[in-house]
Each structure stands twice: as C-alpha cells, then as structure tokens.
Amino acid sequence: MKVDVLLGLQWGDEGKGKIVDVLTPQYEVVARFQGGPNAGHTLEFEGKKYVLRSVPSGIFQGDKINIIGNGVVLDPALFRGEIESLEASGHDLKRRLLISKKAHLILPTHRLLDACYEAAKGESKIGTTGKGIGPTYTDKIGRNGLRVGDLLHNFDEKYEIAKKKHLRILNQYNFDISALDEIEEDWFSGVEKLREFTFIDSEHYINNAITANKKILAEGAQGTMLDIDFGSYPFVTSSNTVTAGACTGLGIAPREIGEVYGIFKAYCTRVGSGPFPTELFDETGDKLRKFGFEFGSVTGRPRRCGWIDLVALRYAIMVDGVTQLIMMKSDVLDTFDTIKVCVAYEINGEQTIDFPYDIDNNVKPVYVSMKGWQADMTRMRKEEEFPQEFNEYVAFLERELNVPISIVSIGPDREQTIIRK
C-alpha cells in the first residue's frame, strides 16, 4: 500500500488540518513529516474549534495511530500545553500518538536565538514566529541538535553542552537572556509530559505498516512556497515542505508515494515578510481578510491577502507531483462581483508562465477577470447545487493547472466539504 501525501501549495494556512481530519477515516496511520509549532492546523466540528501545533490532524478520528515524524521539530513546553488542552476536552492521546526518537527538540535557548537573529536583521527580518524553529533546524544541519531519543541517554549532560554553546552566541550579540530561567522551568515541565508518550523508531514503524498493507497519510505543514529550497527564499521556513520532504521526514522511499493531495485557497494569503505578487492593498484585500477570518491560528497575526496566483500554483504542482487538488475557502468569494485570476507574470515587459528565480518588485501579475457567483456556498450540500459561475471558475482552474479539483471546501466545519464526482 502506498503512502498518500497531503500538503499546502501556497504560503501556508491553506486549511490542511481540516482536510486531514476529513480524510482520516480512509486511513489507519496519519504521520506529520516536517515543521514545528509555528504551524497551526485549525479544525472545527460538533460546534468546537481546535488548533493543533505539533499533533497530527488525524487525532480526532477514531482509533487511528498518529505519528510525529523525524522531520518535525518539537517544543516540549508547547507540546504539553497542546496535549493538556486536548485531554481537557476529553481526548485520550497516549494510546494513539507516537513520537519519533529522531525528531529534534526545540530548546529554550533556540527561542532566544530566534529572537536575537531576527532583531539583528533589522529591516531585512524574515517575519519568523519566534518559536525557535530556524535555530533548531540550523543545529540539526550543523550536527549539534538534541533529539527526542536523547531524553533516554545522559540528557542533562547533552543539554548543558548545547545550552552553553547557545549562550556564547547570545553573549556575542549582547542579547537579554533574563527570561531564560522562566522559559526553562516551563520547558522541563514539558519534557516530563513528553516522557509519558511512546518514543519509536518511526522509520521502521512506518515501513512495517507499508509492508502490512496499512493505509498511511503523510501530513505536511506550512506550504510549498515556503520550502527551504523551492520557496521564495530567503523568506521561507527551515524545512522541506514539498512531497520529497515526506520521504526524508518519515524515512520512506520515493517509490512508496501514492496520491499527492495539493491544497490551495480559492484566493491567496501570506503571513510575515516576503514577496507576494498578487497581494491587494485596497478594500478588496481587506474584504478577503475579513470574510476569510485571515488571522494566524498560532500567532494571531493578520494575513496578507490577494487573488489566486496560478503561476505559483503550477510551479508547486510540478515540484510536488500533485495528483488531486483540493480547493479551500470557496465561500469567502461568495459576494464578489468580479474575481481575478493571475495567469502569468510580466517581468521587464515580457510575459512568462514559469515561476522565476526571484519574485521581487519587478514582477507584475497578469490577470483574467471572471464573473462572481453571488451565492451562499455554505448552504450547499452537493455538487449539483453549485452555481454556474462557480463551476466555470473551477473548470477554468482545472484547465490551467491540468489537475482535477476533487474536493471543494465551502466552510470551516468538517461537514462543509464536498467530494466532486
């Protein structure tokens, strides 16, 4: 049985958590393969709203096994808060959540380093969430990181070595470390909570599940355009958010990849700094933000909003090998008379449909205008109820992207999801 992959195709916040939750009944294992607690997956069902940071989004559906894979970076303090919140709402996770020994730990000093480095960049700052993600991945690549499995062997000694190294760097920047004691207290309390869970050699577990013909869904965080290699560098995250990241983040061979579900919004958003060719700075952008409730589920930061960008989407589909598309937040466009679609870029007077090396201020989006559907999509329960204008919008996207849109989301609740024929 192949491993199916679900990931975002834009700059994150596409609604991956909801779709993982919707698809989970079809799977026996859900495994998160990269990212950290800077990525919040929001789920709504039965009148309740949940925000997951590190726990895979399949945790709410039945007795399915959920795995935090080796490609994830984990903050014990935030993990504890997330777990305790879920336990308080009646969800027993200890039997169903497994954690890779090879997942790297976000240390208290990583959070200080994150703030320090961002402050040092001044006007060139990336727009990091300050959760310590970047410094943790830096230590991982520099072969200085601590992993979940280290909690089982001489951890205190390893921790002190890493801490001293980080403090030397912080001292060089004259950075204020007065908050460290308080952060450490919370962090070590999180470590004790983390120890209550089962640590596994996740690559063996997942490959044994593949051999046993179990259905597995790999869940990504952030979005393709934030990939460390293929995103809008340097305004990207610190991990590989593309399909290939599922192989390295879970320890599975490329031949084991099956369906690739690519998720995108019917428009486009971005959080933090970085280029955004279709960004709107007018009332239309404000309207998208208001109707789409476009504020970060973890940070609360307002998201930048704009029209859908098919140049970037085609690129994401190519590097991810997407086989099925899932369109989110279609209902946000319900009241727009005209909807614009970016089909090409104009760069130095020439048009291109290829995503360029740099999408700085020289990029001008080329738009096609389409008639809005002026209908309440949230009330619709089957594809046959879609208005003609909406069907034309979907058909246009499918022709341009050359991949079928198999699922349409028309609201935040898991019930507001329509599977297309």
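A salt bridge is a side-chain nitrogen of Lys or Arg within 4 Å of a carboxyl oxygen of Asp or Glu. The model is predicted: local features need pLDDT of at least 70, side-chain atom pairs count only at pLDDT 80 or more, and totals for chains, interfaces and linings use all residues. Residues are numbered from 1 along each chain as its sequence is written, and side-chain values use heavy atoms, with hydrogens and water left out.

**Exercise 1**

State how many salt bridges the rule gives, and name the residues of one network.

Solution. Applying the rule gives a count of 26 salt bridges. One network of salt bridges links Asp13, Lys265, Glu294, Arg303 and Lys329.

**Exercise 2**

Describe the salt bridges that Lys193 forms with Glu87 and with Glu196.

Solution. Step one is the pair with Glu87: the closest N and O atoms of Glu87 and Lys193 are 3.1 Å apart. Helices here are DSSP runs of H or I with at least four residues, strands are runs of E with at least two, and both are numbered from the N terminus.

Step two is the pair with Glu196, where the closest N and O atoms of Lys193 and Glu196 are 3.3 Å apart.

Step three is accessibility. Buried means under 20% relative accessible area, exposed over 50%, and partly exposed in between (1.4 Å probe, protein chains only). Lys193 has a relative accessible area of 10% and is therefore buried. Glu87, at 25%, counts as partly exposed, and Glu196, at 41%, is also partly exposed.

**Exercise 3**

Locate the partners of the salt bridge between Lys421 and Glu384 and classify their accessibility.

Solution. The closest N and O atoms of Lys421 and Glu384 are 2.5 Å apart. Lys421 sits in the segment after β20 (417–419) and Glu384 in the loop between β18 (363–371) and α11 (388–401), so the pair links distant parts of the chain, 37 residues apart. Lys421 is exposed because its relative accessible area is 82%, while Glu384, at 49%, is partly exposed.

**Exercise 4**

Solution. The C-alpha atoms of Leu52 and Leu86 are separated by 9.1 Å, with the two residues 34 residues apart along the chain.
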